[in-house]
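Please read the following note alongside the sequence and the three-dimensional view.

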Amino acid sequence: MKNLLKNVSFVFLLFKMCIILGQEVSIQKRIIIDVGHGGKVSGAIGLNGIQEKDVVLNIANAILKLNKKSDTPLDIYLTRYTDTLISLSDRSNLAKALEADLFLSLHCNHSDNPDARGVEVYVAERESRYQHTSIWLAFQLQAKLNSELGLESRGVKFGNFQVLQKTTDFVPGVLLELGFLSNGNERDYLLKAKSVTALALVIWECLIKNIDGYERVGD
């Protein structure tokens, strides 16, 4: 039953988007925020049982809240709005169906080393017309998170994450690892409401600042 509801919800979202895209209105820059994991897939589990799926959903919802208050909001959609598992292929298919200008996947990290800390930003390792744009955004994000919030940067890296590999041909995309849940200090930071708001604001401001340079699908 849960799988049926998930599939029905996702189809409904796509149907709603098709109606929106069919209307003759001025379209803002469109961003897909991929909220990692969900449902029975918790992602990284940190100290005291904190789960990655919950942390990234909190941050994504905070970005939406900030965006709605803006005088010039972006056109932002999440791959999930609740604690629901969406398949990796559905996540990339949504970005393609909506002709997104950017795909941003939110995650948290984990390590057997409790001292491991910092932010990592990944781009698809496979070359494409959007790779340079993705790398540029990745560097902007890691620099902004470091300069504005003091988060240690572990660098921009290439990765073979499926959500990046499957979207790289039609949209710039990055995967953001927002600290280690296995690190006590970073876990405590990510649990604070004011930290969630601060992270959301830095990410949203970085998107606003850089989105105008992105190419839309089909350009």
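How many helices and strands does the protein have?

1. The protein has seven helices and six strands. Helices (H or I, at least four residues) and strands (E, at least two) are DSSP runs, numbered from the N terminus. Along the sequence, these elements follow the pattern α-β-α-β-α-β-β-α-β-α-β-α-α.

2. Some remarks on the basis of the values are in order. The model is predicted, and local features need pLDDT of at least 70, side-chain atom pairs count only at pLDDT 80 or more, and totals for chains, interfaces and linings use all residues. Residues are numbered from 1 along each chain as its sequence is written, while side-chain values use heavy atoms, with hydrogens and water left out.

3. Of the 219 residues of the protein, 49% count as buried. Buried means under 20% relative accessible area, exposed over 50%, and partly exposed in between (1.4 Å probe, protein chains only). The accessible surface comes to about 10,800 Å², and 53% of this area belongs to carbon and sulfur atoms. Such areas come from the Shrake-Rupley method with a 1.4 Å probe; for residues, only the protein chains shown count as cover.

4. Among contacts in the protein with a separation of 6 or more, 82% are between residues 24 or more positions apart. A contact means heavy atoms within 4.5 Å.

5. A search of the whole structure finds one aromatic pair. The partners are Tyr122 and Phe161, in an edge-to-face arrangement with 5.0 Å centre to centre and 75° between the planes. Because Tyr122 lies in strand β4 (residues 119–124) and Phe161 in the loop between β5 (153–159) and α5, the pair ties together parts that are 39 residues apart in sequence. Rings of Phe, Tyr and Trp (its six-membered ring) pair if their centres lie within 6.5 Å; planes under 30 degrees apart count as stacked, over 60 as edge-to-face and the rest as tilted.

6. Are the two partners buried or exposed? Tyr122 counts as buried at 14% relative accessibility, whereas Phe161, at 29%, counts as partly exposed. Leaving aside residues up to four places away in sequence, Tyr122 touches several others, including Phe158, Leu164, Val174 and Glu177. The C-alpha atoms of Tyr122 and Val156 are separated by 5.8 Å, although these residues are 34 apart along the chain.

7. The second largest pocket holds about 220 Å³ of space. On a 1 Å grid over the protein atoms alone, a pocket is an open set of points where a 1.4 Å probe fits, with protein on both sides within 12 Å along at least five of seven lines; lining residues have an atom within 4 Å of a point. Grid points are joined across faces, edges and corners, and the volume is the space filled by probe spheres set on the points.

8. Which residues lie nearest the centre of this second largest pocket? Of its 15 lining residues, these are His37, Leu88, His107, Phe161 and Val163. The elements α3 (88–97), α5 (162–165) and β6 (173–180) each supply at least two lining residues.

9. His37 is placed in the loop between β1 (30–35) and α2 (52–69). His37 has a positive phi of about 60° although it is not a glycine, and it is partly exposed, with a relative accessible area of 23%.
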